[in-house]
Amino acid sequence: MQFTVAIDGPAAAGKGTISRAIAREFGFAHLDTGLLYRAVGAKGGNPVLAAQELTPDDLARADLRSLEAGEAASRVAAIPEVRAALVAFQRDFARREGGAVLDGRDIGTVIFPMAEVKLFVTATPETRARRRWLEADEKSASYEDVLNQVRERDARDMGRADAPLRPADDAVLLDTTEMSIAQAVDAAKASIARKLAQVQAQKQP
Ligand code: CDP
């Protein structure tokens, strides 16, 4: 069975947590597409070549989750040739047998608009900055610094010409500002379970 869940949204909205929980619940494979851009940014040198030559080892680097790696990712992600080099891998992943969940910025709009379920996960910049600040190991940056970074990154991700961050027309919006992790995960699971039941019912003779 092929079944694709696309989860898009801005930094620290809860996409990763929701995606991992969904993958576990439904037995789907999970791809955090932000890691691809983080790995390209972290490699340094020519970002287009880095994207074209990306290897599984590049994705296993320990430093990809840092605030700096997120910044570098959002810069290289604005380069159309970098994005183009990463499309085929993501599309293949989306159609793998057994179901797939991909989280990122443009999964429902560009990478896989045919996804059976599209979620757009958001929260206010203040809430997202607080979450990001609380989860950072080194408190080298203040909450205000993190809030500024979140705002800058939102502006860059939404303002770029190629694959800007925006909800697909038929995406289900999930605002997690006032939600616990468990509530957000439950809401996402409910959307998917509904669609999965429909798809399975259509397959019956
Ligand atoms: O976890 P967080 O949302 O902070 O970052 P991420 O999802 O790892 O993404 C890092 C950066 O990569 C984002 O700010 C985007 O600029 C870029 N990105 C993208 O352009 N398209 C994607 N599908 C995923 C990430």
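This is a predicted model: local features need pLDDT of at least 70, side-chain atom pairs count only at pLDDT 80 or more; totals for chains, interfaces and linings use all residues.
**Entry 1: α5 and α9**

I started with how helix α5 (residues 67-76) and helix α9 (residues 143-159) lie: they are roughly parallel to each other, because their axes cross at roughly 20 degrees and angles under 35 degrees count as roughly parallel, over 145 as roughly antiparallel, 65 to 115 as roughly perpendicular and the rest as oblique. The two axes come within 10 Å. Axes here are lines fitted to C-alpha atoms, for helices over the stretch in contact, with angles running from 0 to 180 degrees between N-to-C directions. Helices (H or I, at least four residues) and strands (E, at least two) are DSSP runs, numbered from the N terminus.

I noted that α5 passes α9 in a left-handed crossing; that term applies if the near helix is turned anticlockwise from the far one by less than a right angle, and right-handed if clockwise. On the α5 side, the contact (heavy atoms within 4.5 Å) is made by Leu67, Gly70, Glu71, Ser74 and Arg75. From α9 come Val146, Gln149, Glu152, Arg153, Arg156 and Asp157. I sorted the residues of this contact into two nonpolar, three polar and six charged. For that sorting, Ala, Val, Leu, Ile, Met, Phe, Trp, Tyr, Cys and Pro are nonpolar, Asp, Glu, Lys and Arg are charged, and the others, Gly among them, are polar.

Residues are numbered from 1 along each chain as its sequence is written, and side-chain values use heavy atoms, with hydrogens and water left out.

**Entry 2: α8 and α9**

Next I looked at helix α8 (residues 125-135), whose axis is 9 Å from that of α9, at an angle of about 125 degrees. That makes α8 and α9 oblique to each other. I found a right-handed crossing here. The α8 residues in the contact are Pro125, Glu126, Arg128, Ala129, Arg130, Arg132 and Trp133. Their partners on α9 are Tyr143, Val146, Leu147, Val150, Arg151, Arg153 and Asp154. I get seven nonpolar, no polar and seven charged residues for this contact.

I checked the length of helix α1 (residues 15-26): its 12 residues should span 16 Å at 1.5 Å a residue, and its end C-alpha atoms are 16 Å apart, which agrees. The expected span is 1.5 Å times one less than the number of residues. Lys15, Ile18, Ser19, Ala21, Ile22 and Ala23 of α1 are buried (under 20% relative accessible area; exposed is over 50%, partly exposed in between, with a 1.4 Å probe and protein chains only). The elements these residues pack against include β1 (4-8), β3 (100-104) and α10 (181-203).

Helix α2 (residues 34-43) has seven of its 10 residues buried, so it is largely enclosed by the rest of the structure.

Phe120 lies in strand β4 and is buried, with a relative accessible area of 8%. Its contacts include Asp8, Pro10, Leu165 and Val172.

Most residues other than glycine have a negative phi. I still found Ala12, in the loop between β1 and α1, with a positive phi of about 60 degrees. Ala163, in the loop between α9 and β5, has a positive phi near 50 degrees.

Terms used. Lists of a residue's contacts leave out its neighbours within four places in sequence.
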